[in-house]
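Thanks, everyone; I would like to walk through some side-chain contacts and then a helix pair. Please have the sequence and the model open as I go.

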Amino acid sequence: MNNSKSTNFVRIKNIFESISNEYDFMNDLMTFRNHSKWKKEIAEIAIASSPKRILDIATGTGDIAINLSKINGSKIEGVDISGNMLKIAHKKINELKIDNINLKTCEAENLVFNDNHFDIISIGYGVRNFSNLDKGLSESYRVLKKDGKLIILETSVPENPIIKFLYTLITRIYIPIIAFIFSGKTKAYIYLLDSTKNFPPKNKFIEMLYKTGFKKVETRRKLYGASTIYIVSK
Ligand SMILES: C[S@@+](CC[C@H](N)C(=O)[O-])C[C@H]1O[C@@H](n2cnc3c(N)ncnc32)[C@H](O)[C@@H]1O
């Protein structure tokens with residue numbers, strides 16, 4: 001890791017370590033509760049491949065892994081860099097008595113799994129935080145089986161100018177205000193919103209996926225383009 005990458009890594013890790021307790025609640029407010037629906041959709045897409053081995057990268061508080069665990073005969077590995085986010089995931093998994101999810105502290109850029117191992121990889125609201133996006137994508141490619149699917153849910157900036165204006169109001173005014181009221185950590189949320197702005201636009205990101213070696217990129221636009229699901233094959 002070079003210096004600026006490692007500074008970014010530490011900053012991102014510290015942000016998630018500090019916001020873990022209110023992360024789920026804030027996510028409900030920021031997406032107007034839509035994120036749960038989109039996370040269920042990830043499991044619905046995955047189920048079509050009858051996957052046995054699944055990896056959920058940047059699993060955070062575990063919602064996507066929990067949805068995926070309902071797939072018969074599946075075994076899910078959930079990885080994240082934040083111990084505090086994983087603690088919340090552990091608590092939920094124990095309360096729900098789920099026994100087919102294994103959680104690990106691990107970076108997307110240095111996955112501790114063998115080549116061609118997983119049938120499905122999911123990444124929910126994680127790729128834009130990777131300290132090295134190219135490396136994170138190529139590691140996902142490496143551990144995914146041939147014909148396996150990578151499913152990415154990520155925020156995006158709407159293209160329609162009116163929707164984009166509303167989106168700017170929501171991200172510049174509504175979210176900082178609710179972040180201040182409910183978490184007191186406005187700066188952390190502004191940093192995370194900026195990572196959306198700095199993330200490559202949809203077309204550029206699709207180009208990066210093809211360049212990594214993936215094929216057949218399908219996209220599903222959510223909430224007028226404020227989030228996108230990318231379904232990609234190896
Ligand atoms: C916005 S949360 C998403 C959590 C969960 N996937 C969801 O959809 O609610 C982003 C997560 O990515 C993790 N993360 C950030 N950079 C990472 C990296 N390089 N490798 C693995 N996890 C990372 C953070 O610790 C955080 O838990």
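Let me begin in helix α1, residues 3-19, where K13 and E17 both sit, 4 residues apart, or about one turn of the helix; helices here are DSSP runs of H or I with at least four residues, strands are runs of E with at least two, and both are numbered from the N terminus. This is a predicted model, in which local features need pLDDT of at least 70 and side-chain atom pairs count only at pLDDT 80 or more, while totals for chains, interfaces and linings use all residues. Residues are numbered from 1 along each chain as its sequence is written, and side-chain values use heavy atoms, with hydrogens and water left out.

The side chains of K13 and E17 meet in a salt bridge at 3.7 Å, N to O, the term meaning a side-chain nitrogen of Lys or Arg within 4 Å of a carboxyl oxygen of Asp or Glu. K13 is partly exposed at 28% relative accessible area, and E17 is partly exposed at 22%, where buried means under 20%, exposed over 50%, and partly exposed in between, with a 1.4 Å probe and protein chains only.

The structure holds 18 salt bridges. Another of them joins E41 and K222, with the closest N and O atoms 3.0 Å apart. That pair links distant parts of the chain, since E41 lies in helix α3 (residues 34-47) and K222 in strand β6 (residues 215-222), 181 residues apart. Are these two residues, E41 and K222, buried or exposed? Both E41 and K222 are buried. There is also a network of salt bridges linking D24, K39, D63 and K92.
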